[in-house]
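Please walk through this model with me, one region at a time. We will look at rings, then the core, then a helix face, and end with charges.

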Amino acid sequence: MTYISEITNVMEYEALAKEKLPKMVYDYYASGAEDQWTLQENRNAFSRILFRPRILRDVSKIDMTTTVLGFNISMPIMIAPTAFQKMAHPEGECATARAASAAGTIMVCLSSFCFYLEVVFKIFSVCMLSNTKQYGHAMPLKLKFSISLNLYMHDLLFQTLSSWATSSVEEVSSTGPGIRFFQLYVTKHRNVDAQLVKRAERAGFKAIALTVDTPRLGRREADIKNRFVLPPHLTLKNYEGLYIGKMDKTDDSGLASYVANQIDRSLNWKDVKWLQTITSLPILVKGVLTAEDASLAIQYGAAGIIVSNHGARQLDYVPATVMALEEVVQAAKGRVPVFLDGGVRRGTDVFKALALGASGVFVGRPVPFSLAVDGEAGVRKVLQMLRDEFELTMALSGCRSLKEITRNHIVTHWDTPGAVARL
């Protein structure tokens, strides 16, 4: 058995999380669609890309800093949107946001956070004001806060369980400084979507990541077997108090049933233009796997492209994202940045993605797994390990800055025979 203190790579968090989490929750985070071929391929594809390192390059100083949409970050490693993080840890997305900020990188926040952050902040403020007056130093503030939260939440759940009670984007932003993007699923309720986007904009979010690969939810058989539904103490996003449905337990996946009722299947390229009419924020199109769609994304005004197969949770037997990356990069022709989402578990993976033309990568599953094991500290360690591994890969490949990472530093199975022979 691996203990927290013995963790040496991000993949080790998954086994520990599996031991700690309820089966339904672990399966939700870990599983993919149908045969899960793409889930495995997202990882395996990286192993088929090999290095062509350069030597004697003076790598005494390594610079990993970069810019994304004009924002400076410490490294090209960012946090992908992952749903329902409070199933993994009581602090959920709040802990992840603090970890991302501490690492100096970007977090993409879902439009369906599932934690009562407004309540948490209110209770914490009350505890801060009343602790000395009422208890002096007899009751530690942390204990009083925990008791108050449990009592208040017990009362609140009975009042609002059937509503979309959860935190606002404003409260998420107030967890501290940081660069955050807002992931948007377009629903049948466009007025509500517009309100969410406006609130995100006012709360200081810097971009919209429009998810475009989910007109229907992929067939996630683990969720079907488990009859997946949110734990009773969690609910979906509160869209400014507007009731537009909830996730109920079904004979299938509760999430699949919910998405079927809420997501707008008519979403098309014109809606990217619609989104531009309601926000001044740059729009990243998330879910692109082909050159054709990359060209259309740019044509319709996308500020960036995220090559993603939704963590292999939508259509099985699509290519691994790192296999689709170069095609999309070539179609973009440098007009917009292209990012990779999917399968990143090592600093070597980050280097390979950048060598294929990515401007940065997003890390998904390691976040909820590390969150489940060790909360904010776990997420911080994941980001630090990936950073350290990436820095080491740069040094051993002879690269002192991101601009020195080129296609010549790797060889792939689709390269010409001469390229393989050079290795």
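Buried here means under 20% relative accessible area, exposed means over 50%, and partly exposed lies in between (1.4 Å probe, protein chains only). This is a predicted model, in which local features need pLDDT of at least 70 and side-chain atom pairs count only at pLDDT 80 or more, while totals for chains, interfaces and linings use all residues. Residues are numbered from 1 along each chain as its sequence is written, and side-chain values use heavy atoms, with hydrogens and water left out.

How are two aromatic rings described? By the distance of the centres and the angle of the planes. Rings of Phe, Tyr and Trp (its six-membered ring) pair if their centres lie within 6.5 Å; planes under 30 degrees apart count as stacked, over 60 as edge-to-face and the rest as tilted. By this rule the model has 11 aromatic pairs. The ring centres of Tyr29 and Phe369 are 6.5 Å apart and their planes stand at 90 degrees, so this pair is edge-to-face. Tyr29 lies in helix α2 and Phe369 in helix α15, so the pair ties together parts that are 340 residues apart in sequence. Helices (H or I, at least four residues) and strands (E, at least two) are DSSP runs, numbered from the N terminus.

Another pair joins Phe182 and Phe205. Their ring centres are 5.7 Å apart and their planes are at 80 degrees, so this pair is edge-to-face. Phe182 sits in strand β6 (residues 179-184) and Phe205 in the loop between α8 (190-202) and β7 (207-211), so the pair ties together parts that are 23 residues apart in sequence. Phe182 is buried, at 0% relative accessible area. Phe205 is buried as well, at 3%.

Return to Tyr29. One aromatic cluster is formed by Tyr26, Tyr28, Tyr29, Phe84, Phe228 and Phe369. Phe84 lies in the loop between β4 (77-79) and α4 (92-103). It counts as buried, at 3% relative accessibility. Most residues other than glycine have a negative phi. Phe84, not a glycine, has a positive phi of about 55 degrees.

Now the core. A nonpolar core is a set of buried Ala, Val, Leu, Ile, Met, Phe, Trp, Tyr and Cys residues joined through side-chain atoms within 4.5 Å. The largest one has 103 residues, and Met87, Ile305, Val322, Leu325, Phe390, Met394 and Ile405 have the most contacts inside it. Helix α15 gives the largest share of this core, 12 residues. A second, separate core of 14 residues includes Ile73, Met78, Phe181 and Phe339. Contact means heavy atoms within 4.5 Å. Leaving aside neighbours within four places in sequence, Met87 is in contact with residues including Tyr28, Tyr29 and Phe228.

Turn to helix α1 (residues 12-20), where Tyr13, Leu16 and Ala17 are buried. Seen down the axis of α1, its buried residues fall within an arc of 100 degrees, so they line one face of the helix. The arc is that of the directions from the helix axis to the C-beta atoms. On the other side of α1, Lys18 and Glu19 are exposed. What covers the buried residues of α1 includes α2 (23-30) and α15 (366-397).

Helix α15 also holds Glu389. A salt bridge is a side-chain nitrogen of Lys or Arg within 4 Å of a carboxyl oxygen of Asp or Glu. By this rule there are 14 salt bridges. Glu389 forms one with Arg346, the closest N and O atoms being 3.0 Å apart. Glu389 lies in α15 and Arg346 in the loop between β10 (338-341) and α14 (347-355), so the pair ties together parts that are 43 residues apart in sequence. Glu389 is buried, with a relative accessible area of 16%. Arg346 counts as partly exposed, at 29% relative accessibility. Elsewhere, salt bridges that share partners join Glu91, Arg98, Glu376 and Arg380 into one network. Within it, the side chains of Arg98 and Glu91 meet at 2.6 Å, N to O.
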